[in-house]
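Welcome! Take a look at the sequence and the model below, then try the exercises before reading each solution.

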Amino acid sequence: MKNWWKILTVLLLVFTVAAGMLSDVPRLAILNETIRNLYFHVPMWFGMILILLISVVYSIKYLRKPSIESDIIAHEAARVGILFGVLGIVTGMEWAKFTWGEYWSNDPKQNASAIGLLIYFAYLVLRSSFAEQQQRARISAVYNIFAFAALIPLLFILPRLTDSLHPGNGGNPGFNAYDMDSSLRLVFYPAVLGWTLLGIWIVNIKSRLEILRQRLYENA
Amino acid sequence: MLFKEILYLIRKDLVLEWRQKYAFNGMLLYVGSTVFVCYLSFGLRSNVLTVPVWNAVLWIILLFTSVNAIAKSFMQENRGRLLYFYSIVSPQGVILAKIVYNTLLMLVLALVCFVFYAVVLGNPVQDVPMFLLSILLGAVGFSTSLTMISGIASKASNNGTLMAVLSFPVIIPMLLMLIKMSKNAIDGLDRSTSFDELLTLLAINMIVITVSYILFPYLWRS
């Protein structure tokens, strides 16, 4: 059974969607039923960070030992990371509209994630401006590592310095304090695992396809 | 050894700048005319220019000045000279020397900009030493991160746009800290209120310098 983790992904996601929509959730003021978004919005961020980390790891790998495969995986992982980031922002904005009253309320975490996405869009633009494959791979790997090092303080340090509407920042209690009870955890952890695995699955398929395409070009 | 190399390279950049003054004079003129354009656009309605706007406009002028001034730091070197450097100095020496040189350049430009801006648009700053410290940190921060970015952008074909696109997201966190810190200085708040921003800025600078130091050799090889 080589593909056990793919079956696990499907099962986890089916469970997440079914249990996320149907299970009992704590009744809280303001949040009400939107708390179910916890299973969809928050895992997007976990998934994005992990997949971007994969991208950076393969960029480092490329610089240590150049190979087309590492470059392709770094590129595809960055693209899937962007997809997760966009989904995270969209689900977050939807949630913010219902709970904070605005789609965009100048929250430091919202701003930080928008800037993070800008960095990775810039990465794609940088990639597309090279014609020669090796130069493109090396220089975009350098930018990828540089940008990731600049993104990390942004995502984890800056929101903690200022007031945020997100739970766990600037005086707002974190999940553990009041609303993360065991029934939420029961769906939340499988959801994080499931969405992250789905992201890795997409990266896996896309980079295999791209590597095959490269081979086809070389032999043609 | 590395230290000596860096000193030599900085001296080379200074001498080059002194001999072809048009680049530096061009940047001075750029700062001057941008400030004057701001003055003219605000001058018609002087009550528009509140303190936060004054601060934000100053930092935006500084940001664009530094992007323009530092963008050329790798583009002005021609191919033959780069090959020559490649054979005699280490890449770490090159990047550190460029960072120090760009910091000096940015310090001069930022101070000139601040003085001219304050003269033309009025000076609401209450705690001037603290404000100068934030400008100093700004010059160091902008030049560290932009030097590496300009190295990356100089390898690509359409490097004018690329420079801006690559650098803005990297520089925004720094800019937010700087604006907050200088706002505290303008309002004359107690200096301990800016301590958090100061530490974060120093930490970001350290990260950026370390990463540039590690990554530049890979960039230079191509």
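This is a predicted model: local features need pLDDT of at least 70, side-chain atom pairs count only at pLDDT 80 or more; totals for chains, interfaces and linings use all residues.

Residues are numbered from 1 along each chain as its sequence is written, while chains are lettered from A and ligands numbered from 1 in the order in which they are written.

**Exercise 1.** Find how many helices and strands chain A has.

Solution. Start with the elements: helices (H or I, at least four residues) and strands (E, at least two) are DSSP runs, numbered from the N terminus. Chain A has 7 helices and 0 strands. Next, turn to burial, where a residue is buried if 20 or more other C-beta atoms, placed from the backbone, lie within 10 Å of its own. In chain A, 37% of the 220 residues count as buried.

**Exercise 2.** Describe how α2(A) and α3(A) pack.

Solution. First, locate the helices: α2 spans residues 41–64 of chain A and α3 spans residues 68–99 of chain A. Second, take the geometry, with axes as lines fitted to C-alpha atoms over the stretch in contact and angles from 0 to 180 degrees between N-to-C directions. The angle is about 160 degrees, and the axes are 8 Å apart. Third, α2(A) and α3(A) are therefore roughly antiparallel to each other (the angle is over 145 degrees for this term). Finally, the residues of this contact divide into 16 nonpolar, 10 polar and 2 charged. Here Ala, Val, Leu, Ile, Met, Phe, Trp, Tyr, Cys and Pro count as nonpolar, Asp, Glu, Lys and Arg as charged, and the others, Gly among them, as polar.

**Exercise 3.** Work out which helices of chain B supply the side that touches chain A.

Solution. Begin with the contacts (C-beta atoms, placed from the backbone, within 7 Å): 24 residues of chain B are in contact with 24 residues of chain A. On the chain B side, α6 (128–155), α7 (159–187) and α8 (195–221) each supply at least two residues. The largest share, 10 residues, comes from α8(B). By type, this side of chain B has 18 nonpolar, 4 polar and 2 charged residues.

**Exercise 4.** Examine how α5(A) meets α6(B).

Solution. The axes of α5(A), residues 133–156, and α6(B) come within 11 Å and cross at roughly 160 degrees. The two helices α5(A) and α6(B) are therefore roughly antiparallel to each other. Among the residues making the contact are Ile139(A) and Phe146(A) of α5(A), with Met148(B) and Lys155(B) of α6(B).

Technical notes
Angles under 35 degrees count as roughly parallel, over 145 as roughly antiparallel, 65 to 115 as roughly perpendicular and the rest as oblique. Two residues are in contact if their C-beta atoms, placed from the backbone, lie within 7 Å. A residue is buried if 20 or more other C-beta atoms lie within 10 Å of its own, exposed if 12 or fewer, and partly exposed in between; C-beta atoms are placed from the backbone.
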